[in-house]
Amino acid sequence: MVRAVPERDLLLGALKRVFGYDTFRPLQAEIISAAMEGRDVFALLPTGGGKSLCFQLPAIVRDGLTVVVSPLIALMKDQVDALVAAGVSATFLNSTLGEKESRLRLARLFEGEYRLLYVAPERLMVPTFLEKLRQWNVQLVAIDEAHCISEWGHDFRPEYRQIAQLRTELPGVPFMALTATATGRVREDIVKQLKLTNAQTFVGSFNRANLTYRVMHKNSPTQQVIQFLKNRKRECGIIYCQSRKSCESLAERLTEKGFAARAYHAGLPDKERAENQELFLRDEVKVICATIAFGMGINKPNVRFVIHYDLPKNIEGYYQETGRAGRDGLPGECILLFSAGDVMKQKHFIDEIGDPAQKKIAREQLQTMIGYAESAGCRRRELLNYFGEKFATPNCKGCDNCMEPRETWDGTLAAQKLLSCVWRAREASYRKDATFGMAHHAEILTGADTERIRKWNHNQLTTYGIGKEHHRNDWPLIGRELVRLGYLRMTDAEFPGVELTANGIEVLKTRARIDLTKLPARSKHDEPQRPKTKRIGDIVCDEQLFETLRRLRREIADSLGVPAYIVLGDMTLREMARDYPTNEIELRRVSGFGEKKLEQFGAQFADAIVKHLRSNPRQVFLDSDS
């Protein structure tokens, strides 16, 4: 009598056999279990948290078809290539396929040959396609990048709204909605729009412990980027720029300096844009200078850094974009270049928004982004707080403010001057409801002679010209810190100003001491150094062997016509360069080596390690398990 294998053992066996992993990541087992029970599921896991495995593994261990709704062609091909390389029968249907190839794949779907089908929402809802779906024994519908269904999300796509119609077309088939970034409001909207029934909700931690966050004063930004890249020529990264022109000019400048860089934005010809993306995925181009059109669905795990050349519009977009670094669990660096000029540019864009409600939301989002950039507190805590997650650790050891705490100074006199200026400017105005922005108060304090100051007679105030000891661009920094401390607040008006709070009036009267964060040096533009301590995700290994294995991986990938990470990830290579596996038994212990990959090219990697050891001593590492 054959004894039934328990579900968890079955899943763990498939996890090891197909993907080469011994254990699940947080929440994966619970999400998969709910899906296997036929429940609707909403899963919010951070980028790199293993969302795809949550629907891939159930598809592997049971009969029937899992339909994956995916927003981008690049994402479909990437995930299908990775599954096929691991020995899983998967396919996609989209506009890149010729008629003959499409017919062939459809025939195989009718024959039940595939476990997973990736498809765009536009094709999914075509009546003739819906008719076929009903004949394919669909067991699960997985909606990837589910935040696209919500108008409150940062990447709303109207075509996602049609997906809910599948509930009537495929009665009884469970849905799984997955995303990496969603506030509470967006989560509720996803569940509502997809008509998820009694859905089990899983929300993972937003903390990307392997990422380091830094904000630098933006001063000669191109030179700052060049300085940063000088010691990272072998590493891949994304530089996000606000405009298409910036993308192209920065890519040209980097190329002139010897860096393998290309531009990516929606204005490029389709062929050139696709070519630049493919070169980046294959590691032939190391740096992509891109607008936010680039990234969603790019499953490139070895992006080691993300630089924001310009200020993002909101925290949600910033978090998702930085999340494209370190998807493989190895360390990643996130750099934001910040200046008052960028703030003014964003405010100008917001002023052009026609809808008053959308304009108000955009202002609030920008103010939160500015607060993050100027904060002297833990940046990780600020990001997690935005998504409603508490971070109790006093020092994250992974952001500039925790690794190099900024000094404080007795800012009582400066605070008194600014608070008094805000009070007097309002009291002296013929409209008692009038409020003025930070920039205007900075001009009063530094004695500027502007039309607006003369119009309101603010050159007659006792605070006019009393703050020349600070640069005009520094006063808004002081002001925004006073907002964070609760002494000032932004007004809710078409042209937002600043006004005193009750606490602000109190400290103005009592002259209580106020400690402020030391202002950044305006001439500083040194590149940030790598953290001197061991970072989370670091795998110390034989770097010479790692480079040898990386070259071998590239040769294999080129012969197969796929990106290098489809063959093996950097994490797997670094484990091999640490543990020196020289035979099949030892390779099986390396994370990421599934059965098919072991069979295909395990011997090549083992031989490369044996050859390396003939002429190089075996190194011993303190963090090694052996």
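On a 1 Å grid over the protein atoms alone, a cavity is a set of points where a 1.4 Å probe fits but cannot get out, and lining residues have an atom within 4 Å of a point. Grid points are joined across faces, edges and corners, and a volume is the space filled by probe spheres set on the points.

Good morning. The model before you is predicted: local features need pLDDT of at least 70, side-chain atom pairs count only at pLDDT 80 or more, and totals for chains, interfaces and linings use all residues. Residues are numbered from 1 along each chain as its sequence is written, and side-chain values use heavy atoms, with hydrogens and water left out.

I begin with the cavities. Two cavities of 30 Å³ or more are present in the structure.

I turn to the sheets. Two strands pair if DSSP finds at least two bridges between them. Strand E1 (residues 41-44) pairs with E7 in the parallel sense over four bridges, and Val41 stands opposite Gln200 in E7.

The other open sheet that I shall describe has six strands, ordered E8-E13-E12-E9-E11-E10, and its pairing is parallel. Strands E8 (211-217) and E10 (261-264) stand at the edges with a single partner strand each, so one side of each is left without a neighbour in the sheet. E8 and strand E13 (residues 332-338) pair in the parallel sense over seven bridges; the bridge partner of Thr212 in E13 is Glu333.

Finally, I consider a helix pair. Helix H18 (residues 412-427) and helix H19 (residues 438-445) pack at an angle of about 105 degrees, with their axes 10 Å apart. Axes are lines fitted to C-alpha atoms, for helices over the stretch in contact, and angles run from 0 to 180 degrees between N-to-C directions. H18 is therefore roughly perpendicular to H19, a term that covers 65 to 115 degrees. The contact (heavy atoms within 4.5 Å) involves Lys417, Leu418, Cys421, Val422 and Ala425 of H18, together with His441, Ile444 and Leu445 of H19. By class, this contact has six nonpolar, one polar and one charged residues.

Technical notes. Helix = DSSP H or I, 4+ residues; strand = E, 2+ residues; numbered from the N terminus. Parallel < 35°, antiparallel > 145°, perpendicular 65-115°, else oblique. Nonpolar A, V, L, I, M, F, W, Y, C, P; charged D, E, K, R; others polar. 1 Å grid on protein atoms, 1.4 Å probe; cavity = no way out; pocket = protein on both sides within 12 Å on 5 of 7 lines; lining within 4 Å.
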